[in-house]
Amino acid sequence: MTEPREPRKDAEQRVGRDAREIERRGERLISSDHDSPVQPGPMGERRAGRPGGPRTPDEGGSGPGDPPDSPTPLWRKWAPFLLTGLAILVAMTLTPELDRAVGEGGHFGFASLLPALTTLVLVFFTRDVVSSLFLGIVVAGFVVSDVNIIQGFLIPSIGSSSFAVILLVYLWALGGLIGIWTRTGGARTFARWAAAKVVRGPKSAKVFAWLMGVTFHQGGTISTVLAGTTVKAVTDEQRVSHEELTYIVDSTASPVATVIPLNAWPLYVAGLLVGTIPIFATEQEVVSFFFRSIPFNFYGIFAVIMTLLFALELLPWEGKRMRKARKRSRETGLLDRPDSEPLAAAELSRMKIPAGYRPGLEDFMIPLLVLVGVAMTGVIGPLIPAIQQGNLEIFLSGISVPIAEAFGLAVLAAMLLAIVKGMELKEVIDGFVDGCKGVTIGAIILALAVTLGTVSRELGTANFVVETTAELVNPVFLPALFMLICMVVAFSIGSSWGTYAVVFPLAMPLAYAINPDPFYLSLAFGAVLGGAVFGDQCSPISDTTILASLACGCDVMDHVLTQLPLAVAAAAVGATLSTLLAMTVM
C-alpha cells in the first residue's frame with residue numbers, strides 16, 4: 001500500500017510549528033535555509049545531549065528510576081565505585097591462577113568473568129559506556145595481579161594494526177566523509193531525492209533501510225557502516241527515530257551475513273571445525289555443511305524477518321522503549337531521546353554549505369558509488385573463476401573486501417568533486433576535520449571495547465563459560481543450550497567470531513557423540529551460528545553495536561535497550577523450534 005505523501009508546503013509549515021514548539025520548551029534548534037552559509041541537519045534535527053532540554057517522565061533520565069529533573073541520589077553516584085570495589089575484592093580474595101594455557105581451554109575460574117560482568121552490570125545500571133568499560137579493565141588488572149593496565153592491556157590493544165584499521169577506516173574516514181557532506185549538502189540532497197522518488201513516509205523509509213542492510217550484507221562492521229551512511233539522511237528526513245534506524249541496520253548486518261553467507265564466514269568456521277568430527281574431514285565439507293545448515297540458523301532467519309516486519313510496522317509488539325521512541329520522533333521530530341548521548345556529535349549533522357556552492361545529487365552518489373564499487377571488487381574478482389571452474393571454495397577463499405581502500409578513495413572522490421565544483425580546499429579540509437571530531441566519542445568507546453575484548457581472551461572468559469555450562473547436557477535441549485551458551489559468551493566478550501573460535505570446536509564433537517545424525521548436527525550447528533550473532537548484535541561492548549550506533553547517530557545504550565526485547569523474542573522462538581525439532585530425532 002502506498003503511503004500518502006505530505007505536500008511540501010504543508011510539511012514546511014508543520015516543521016515550522018514543531019520548531020517553535022521545541023524552542024518554547026527550551027530546546028536549541030538551528031534554522032533551515034538552503035542558501036544560507038549555515039544549515040541544520042535533515043528536518044532541522046536537534047542532537048540530543050546532556051545539556052539538552054528537560055527530561056520527561058516518559059523518556060526518562062540518565063539512570064533507571066530517576067524522577068525528572070531530580071538531583072542524582074548519593075547512593076547512585078557512588079554505586080559504580082562500590083560495585084567495582086566489590087569486584088576487585090572478589091578478585092583479590094580468589095587469588096586466581098591459570099590452571100593451563102588459555103589456548104588449551106584454561107581460565108582463571110570465576111575471576112575470568114569478573115571484568116566483563118562488572119562492565120555489563122555497570123553499563124546497564126549507569127548507561128555510561130565509557131566509565132563502565134574502563135572500570136571493567138581496571139578489575140582485570142587485579143585479576144592478573146598487574147594494576148598497570150596501560151602497559152598491560154591498553155597499549156597492546158590500541159597499538160595493534162587491527163585497531164588502526166578501525167580508527168582510520170571506520171572512524172576517521174567515515175566521519176570525514178560525512179563531514180564533507182555537511183559542506184556539500186550531498187546527503188540531504190539524496191534524502192530529498194529519495195523522498196520524492198522512492199520513499200513516501202516513515203514506513204517506506206524503514207523498508208528502504210532494510211533493503212540497504214540486506215544489500216550490504218558482507219559482514220557486521222562493513223554492513224552497518226555502509227547501510228547506516230547511505231540511509232540515515234533519508235530516514236532523518238522522514239522522522240524515523242535513531243533507535244528504529246539503528247535496530248534495522250544492526251539486525252540486517254551479522255544475521256544476514258549468516259543467512260546469505262556469500263562472504264568469509266563459511267571459510268572461517270571451516271578453519272575451526274576441519275578434522276573435529278569424521279564428516280568434517282576437509283574444509284570443503286565444512287563449507288558445504290555450513291550452507292546445508294542455513295535453514296536451521298533460526299535466530300538469523302527470524303531476526304531478518306522480524307526486522308522486515310518491524311520496518312513495515314506489522315509486528316504486534318515491539319517493546320515499550322521502542323514504541324516510545326517511534327511516538328516521540330513522529331510527534332515531536334526529536335530523533336534522539338532527550339538527555340541521550342548520541343555517538344555522532346553535532347559536527348556530523350549541522351550543515352555548513354558555503355555561500356555560492358550548489359549542492360547536487362552527485363555530491364552524495366559519486367563518493368558512495370566509489371565506496372561500494374571498490375568494496376565489491378573483492379567479491380566480484382573471485383566470483384568469475386569460481387563460476388568457470390564450478391568450485392564454491394574458490395569464491396569463498398578469494399573474498400577479500402578492500403574496505404580501507406574503498407573508504408579512502410570515497411573520501412578523495414568527495415573532496416575532488418567539491419573542489420571541481422568550486423569549493424575552496426580549506427573549506428573541504430575543514431569539513432573533513434569536523435567529521436573526524438564528530439566521531440571522537442566513538443573512537444574512545446571502541447578503544448576501550450577492543451581492550452576489554454583482549455582482556456576477555458587473555459583471561460579465558462569464554463573457556464570458563466563453556467566449561468561451567470557444558471555439564472548441563474540433555475540431548476533434546478542441547479541445541480537450545482548451545483544457543484544460550486553462545487548468547488552469553490558473545491554478549492560478554494562482544495564478538496561472534498571469538499565465540500565461534502571457542503564454542504564450535506567443543507560443541508560439534510559433543511553433538512556428534514550424542515547423535516551423529518546429520519539433521520541433529522545441523523540443529524546444533526545452526527544454534528551456535530545464531531546464538532553467537534545474537535550476543536554480538538546485542539552486546540553494548542561489541543564493535544558492531546558501537547559502529548551501528550555511530551553510523552546512525554544513536555546513543556549506544558538507547559540502541560541496546562530498544563533492540564534487546566526484539567532480539568530476545570527472535571532467540572526464544574528459535575530456541576523453542578530447535579528443541580521441538582530435536583525431539584523428532586532423539
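Is D558 buried or exposed, and what is its relative accessible area? D558 is buried, with a relative accessible area of 5%, where buried stands for under 20% relative accessible area, exposed for over 50% and partly exposed for what falls in between, computed with a 1.4 Å probe and protein chains only. The model is a predicted one, in which local features need pLDDT of at least 70 and side-chain atom pairs count only at pLDDT 80 or more, while totals for chains, interfaces and linings use all residues. Residues are numbered from 1 along each chain as its sequence is written, and side-chain values use heavy atoms, with hydrogens and water left out.

The overall architecture comes next. Of its 586 residues, 56% count as buried, and the chain exposes about 23200 Å², of which carbon and sulfur atoms supply 66%, the areas coming from the Shrake-Rupley method with a 1.4 Å probe and, for residues, only the protein chains shown counting as cover. Among contacts (heavy atoms within 4.5 Å) between residues at least 6 apart in sequence, 79% join residues at least 24 apart.

Side chains of opposite charge can pair when their charged atoms come close. The structure holds 17 salt bridges, each defined as a side-chain nitrogen of Lys or Arg within 4 Å of a carboxyl oxygen of Asp or Glu. In one of these, R183 pairs with E427, and the closest N and O atoms are 2.9 Å apart. Because R183 belongs to helix α6 (residues 161–184) and E427 to helix α19 (residues 425–438), this pair ties together parts that are 244 residues apart in sequence. R183 is buried at a relative accessible area of 5%, whereas E427, at 25% relative accessibility, counts as partly exposed.

R183 also forms a salt bridge with D434, again with 2.9 Å between the closest N and O atoms. Since D434 lies in helix α19 and R183 in helix α6, the pair ties together parts that are 251 residues apart in sequence, and here D434 and R183 are both buried.

D558, the residue of the opening question, meets R337 in a salt bridge of 3.0 Å, N to O. R337 sits in the loop between α15 (320–332) and α16 (362–389) and D558 in helix α26 (residues 556–583), so this pair ties together parts that are 221 residues apart in sequence. R337 is buried as well, with a relative accessible area of 7%.

Salt bridges that share partners also join K206, E244, E313, E318, R326 and R330 into one network. Leaving aside residues up to four places away in sequence, E244 touches K206, F310, M322, R326, S329 and R330.

R239, in the loop between α9 (220–237) and α10, has a positive phi of about 60 degrees although it is not a glycine, and at 7% relative accessibility R239 counts as buried. D339, found in the loop between α15 and α16, is likewise a residue other than glycine with a positive phi, near 75 degrees, and D339 counts as buried at 10% relative accessibility.

Key: Helix = DSSP H or I, 4+ residues; strand = E, 2+ residues; numbered from the N terminus.
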